[in-house]
4 protein chains.
Amino acid sequence: MPEKKKKVFISDWELKRMAPPGQKPVIPENAIISPLSRDWLEYGDQGTGHQSPVTSHQSPVARHQSPVTSHQSEGRGHAEAELRRRIAETGRKLYALGFVPAADGNISVRLCGGTVLITPSGASKGALAPADVSKISMSGELISGRKPSSEYLLHLCVYEQRPDVTAVIHAHPPVATGLASAGIALDKPLTSEMVIGLGIVPLADYATPGTEEVADSIAGFVKNHNAIMLANHGVVTCGADLETAFQRMETVEQAAKITLVAEHLGGGRPIPPEKVKKLEEIRRRLGL
Amino acid sequence: MPEKKKKVFISDWELKRMAPPGQKPVIPENAIISPLSRDWLEYGDQGTGHQSPVTSHQSPVARHQSPVTSHQSEGRGHAEAELRRRIAETGRKLYALGFVPAADGNISVRLCGGTVLITPSGASKGALAPADVSKISMSGELISGRKPSSEYLLHLCVYEQRPDVTAVIHAHPPVATGLASAGIALDKPLTSEMVIGLGIVPLADYATPGTEEVADSIAGFVKNHNAIMLANHGVVTCGADLETAFQRMETVEQAAKITLVAEHLGGGRPIPPEKVKKLEEIRRRLGL
Amino acid sequence: MPEKKKKVFISDWELKRMAPPGQKPVIPENAIISPLSRDWLEYGDQGTGHQSPVTSHQSPVARHQSPVTSHQSEGRGHAEAELRRRIAETGRKLYALGFVPAADGNISVRLCGGTVLITPSGASKGALAPADVSKISMSGELISGRKPSSEYLLHLCVYEQRPDVTAVIHAHPPVATGLASAGIALDKPLTSEMVIGLGIVPLADYATPGTEEVADSIAGFVKNHNAIMLANHGVVTCGADLETAFQRMETVEQAAKITLVAEHLGGGRPIPPEKVKKLEEIRRRLGL
Amino acid sequence: MPEKKKKVFISDWELKRMAPPGQKPVIPENAIISPLSRDWLEYGDQGTGHQSPVTSHQSPVARHQSPVTSHQSEGRGHAEAELRRRIAETGRKLYALGFVPAADGNISVRLCGGTVLITPSGASKGALAPADVSKISMSGELISGRKPSSEYLLHLCVYEQRPDVTAVIHAHPPVATGLASAGIALDKPLTSEMVIGLGIVPLADYATPGTEEVADSIAGFVKNHNAIMLANHGVVTCGADLETAFQRMETVEQAAKITLVAEHLGGGRPIPPEKVKKLEEIRRRLGL
């Protein structure tokens, strides 16, 4: 993927290390920074108790340079309160789609200061209030709120390996989870959207929920995949922001439905290999 | 299940018998009491015409000791009016999910005073008003409201055997009911959520609805199962509160959907037996 | 069905013929009259231009004697405006369930004066206003409003044969329509709700929509069935009121879903014949 | 199709060429003009900067002569602002139906002045604001707004070949897309609605999305079909107005669902050929 080398992603941690406290870091021209880094540069650590080294009007990175989606850029910024609201809203959307029945699933967002907002243990994702969301450190300690989701290690594992990711969703969309319980990965190029939006969705080995096993089971896939199926369990997606992680979860279930229908009717006819290559080029060009 | 013996559940009736009227019962340290008992201790029999022996500020049992879910503990208490409102709301949720088409299904909640709120016969569960809910005694006599659901004996059977249960739901989620009409129980450990949340869901023999046969058909399963499938009929779930019984109904249908998808695609690959044991340990630890 | 003979249904027309204009007809003790007849007795022909022979306070038939559902009896009566509102609301409910995509389906209600309200041709049932509903005579002439549904002959056929029916719905619930397109009737007693609520749902031969063929194709079934499947077309249900006809449509699709799931998983296990007889007795007792 | 020759469709461009600027064009008695042409005659180019040659009260074509649906004719006209609102509303409806998960799908409407409103690239269709919609020329140049959908060539291809069409929708309804990924066209006459509403829905060869290939793949079908399936991709529908294009998308997915169910249960039983001919006659008579 030589195209990817043209641009350099600078993670939140790297960004902070690039400049001593109180000074403006120099951002290379070819740099991509996360929406949260940009917010940190602009607004400081509002809500986390830290202070940004630069004031709002000094933002060294122009908005149009960043890989932010239109959805994310609409708001006034990503202060913690707004992210809590989005987690609750995403929970309602996942519930409405039938992806998190009962108290299933969990959602997290990484804050700039190295902490993580994560849904609490045992609550319905369809009825969360922003204040219900817990905050933990990257080492898994509870900073505020109720007991976090028992799958917090799964979320931290993704954040550790993927500095470009600020949101992780774990859910149980029924058709994809059915595939994952039949030992089937989404690795057939049945539609162009699957290939462009997700590439191959691998199937991680079964691991006991709420233990370190789960993080171990996905560790080998996290670097190269934004969506992973968990055998007998569900699906994990991640993204540069919460909306992207959510849309990837939708795409996984859509791909699973299409696979199910096609298999029923005699089997899917995959896109030919040379055409798949074209789709993978589009994928790289879009930076997905 | 030796872990379970550490804690002792004291039913509403036992609690009332533990202290003469007007006096505070002594609650053992290892006791678990129902949310309704706790409310009775705190608020008395508001809505049922009885009086609690203790006033609100004398509550002998601290809130954090009780196995109440966050959903239940948010409210100001469980007076009858609030429980009627919750039954109507649960009806709307079940209808929106497609679990109670036409006038199918019934919902009940046990009140502290030994009476039972139950949905009336022949009404759509999607359009109930709190005042539509009937009240019956534990012997099935109508106390107030319209003719109760013809399945009231099914509900009373659960309450009789399970002092820890204060809510019962009978519904017809279409995929689970399809399984129940094909003679298939949910007894394969296909997902971790099934095993932790429900364990095995057994299939009770067919029984004519609205007769004592139905209660008889489930009698052997009620003690050890929170969800039971009824052959050619539907599903029954119960719980310490209405939200828990509702979430169990959602989990049954989710498990049924996953089973259906996995069976379509060559058959589910169950979780290995030694891993199922770990899940059952989690289940016991959580007291589910 | 000897139980049914105990009660006698008096149709709207018979009722009118029983008494000269301006006088109170004598209603036999064992009579059942339609909700519309009752309204006619109480309110007269408001909205249709005719006059009731009796005033409101002289209603010779007590409310509790009539087979009206609670839903119907809640309102202040069934004047035409209210019935138009209900048709529009039922259209929205059918659309939300996915039973009438595009401009599919049609709904009618028989008014007391021998006229029929029916949805117009070519409109989405999900977005009807009460004023959009057309009115036709029993001979199919347009009395007011836009061109009626091209399936008006189907509706009139049901009203002609069934004086007890005041509402007819034709829709295309997708699973039931799939069965109807595979030549499969709902004639296996897979669930108790099917048997009690519908009995056998027969499959009428294919007929070209919008022609007299459709009425002919169901003519042999209308007398003994409240729900009929139309080969390569859809489903027709009817009832003493609109809510009942709607609930029967829901029950047909639920039965179809259960059949589909059960067939997928090795085939449904029907309720044994001697138990089906018990259900049919319940059905007769409830007068369904 | 000799019936069709009775009426003559006059496209927006032809209409404009029929009269010199500032003068009233003479509309032949047997002419059909598009809703947008009618609006242009009545209101001029409000929103596009051009001027109509005639004022509102001089409209030479009576409303009742035009093939407009009731939905379209209800509004006060089709100024650009109203069409933007309808595009956003249609996006929400498609999303609610599950036809455009993630940022899938695109919607366009042709304006009278020869420009096209089209949804922007990369946005969720479930959350569009009217102002989010882009405007392009018939040669694909961006006139206003954000980067248009990468599938704009697909839309322009339809408009070029079909002067009677003013709206195009591309979506991914899951069951139809599953069929399209199994290489199956909707070419069996399983229900009368399919035949009357759509005729045969052909399956275009796979083509890489966002390239000219897609337009090429459908070019041979556009003239004779209002709905086309795209192998491994999705579905395209078009219509004289947006509501019609939307309803055709609904009908495609309904037909796909019915096909899937019928195939599961032993295979669909097609309508006999001589009866299909009758349906095709109805189709021609209705001008579909």
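This is a predicted model: local features need pLDDT of at least 70, side-chain atom pairs count only at pLDDT 80 or more; totals for chains, interfaces and linings use all residues.
1. Chain A in outline. Chain A contains eleven helices and ten strands. It has 288 residues, and 57% of them count as buried. Among contacts in chain A with a separation of 6 or more, 64% are between residues 24 or more positions apart.

2. Strand β4 of chain A. This strand covers residues 115-118. A:T115 and A:L117 point one way, while A:V116 and A:I118 point the other way. Are these residues buried or exposed? All are buried.

3. Neighbours of β4(A). Strand β3 of chain A, residues 106-110, runs antiparallel to β4(A) and is joined to it by three bridges. A:R110 is the residue opposite A:V116.

4. Eight strands make an open sheet with mixed pairing. Which strands stand at the edges? They are β6 (142-144) and β8 (203-204) of chain D. Each has a single partner strand, so one side of each is left without a neighbour in the sheet. Within this chain, β4 (residues 115-118) and β5 (residues 134-137) run antiparallel and are joined by four bridges. D:I118 has D:S134 as its bridge partner in β5(D).

5. A general point on sheets. Strands pair through backbone hydrogen bonds, in either a parallel or an antiparallel sense.

6. The A–D interface: extent. Chain A brings 28 residues to the contact and chain D brings 27. Together the two chains bury about 2,200 Å², with 59% of that on carbon and sulfur atoms.

7. The A–D interface: charges and elements. Two salt bridges are counted between chain A and chain D. A salt bridge joins the side chains of A:K278 and D:E213 at 2.9 Å, N to O. On the chain A side, α8 (192-197), α10 (242-264) and α11 (273-286) each supply at least two residues. α10(A) gives the most, with eleven residues. By class, the chain A side has twelve nonpolar, nine polar and seven charged residues.

8. The C–D interface: extent. Here 27 residues of chain C touch 28 residues of chain D. The buried area is about 2,200 Å², 58% of it on carbon and sulfur atoms.

9. The C–D interface: charges and elements. Two salt bridges are counted between chain C and chain D. The side chains of C:E213 and D:K275 form a salt bridge at 3.5 Å, N to O. On the chain C side, the elements giving two or more residues are α6 and α9 (242-264) of chain C. α6(C) gives the most, with six residues. The class count for the chain C side is twelve nonpolar, eleven polar and four charged residues.

10. A residue to look at: C:T191. This residue lies in the loop between α6 (174-181) and α7 (192-197) of chain C. Why does C:T191 count as buried? Its relative accessible area is 2%, and buried means under 20%. The side chain of C:T191 reaches the backbone nitrogen of C:M194 at 3.2 Å. Leaving out residues up to four places away in sequence, C:T191 touches B:T177, B:S181 and B:N232 of chain B, along with C:I258 and C:I271 of chain C.

Note on methods:
Residues are numbered from 1 along each chain as its sequence is written. Chains are lettered from A and ligands numbered from 1 in the order in which they are written. Side-chain values use heavy atoms; hydrogens and water are left out. Buried means under 20% relative accessible area, exposed over 50%, partly exposed in between (1.4 Å probe, protein chains only). Two strands pair if DSSP finds at least two bridges between them. Contact means heavy atoms within 4.5 Å. Buried area is the accessible area (1.4 Å probe) that two parts lose on being put together, summed over both. A salt bridge is a side-chain nitrogen of Lys or Arg within 4 Å of a carboxyl oxygen of Asp or Glu. Ala, Val, Leu, Ile, Met, Phe, Trp, Tyr, Cys and Pro count as nonpolar, Asp, Glu, Lys and Arg as charged, and the others, Gly among them, as polar. A polar contact is a pair of N or O atoms within 3.5 Å; within protein, one must be able to donate a hydrogen and the other to accept it, and residues adjacent in sequence count only if both atoms are side-chain atoms.
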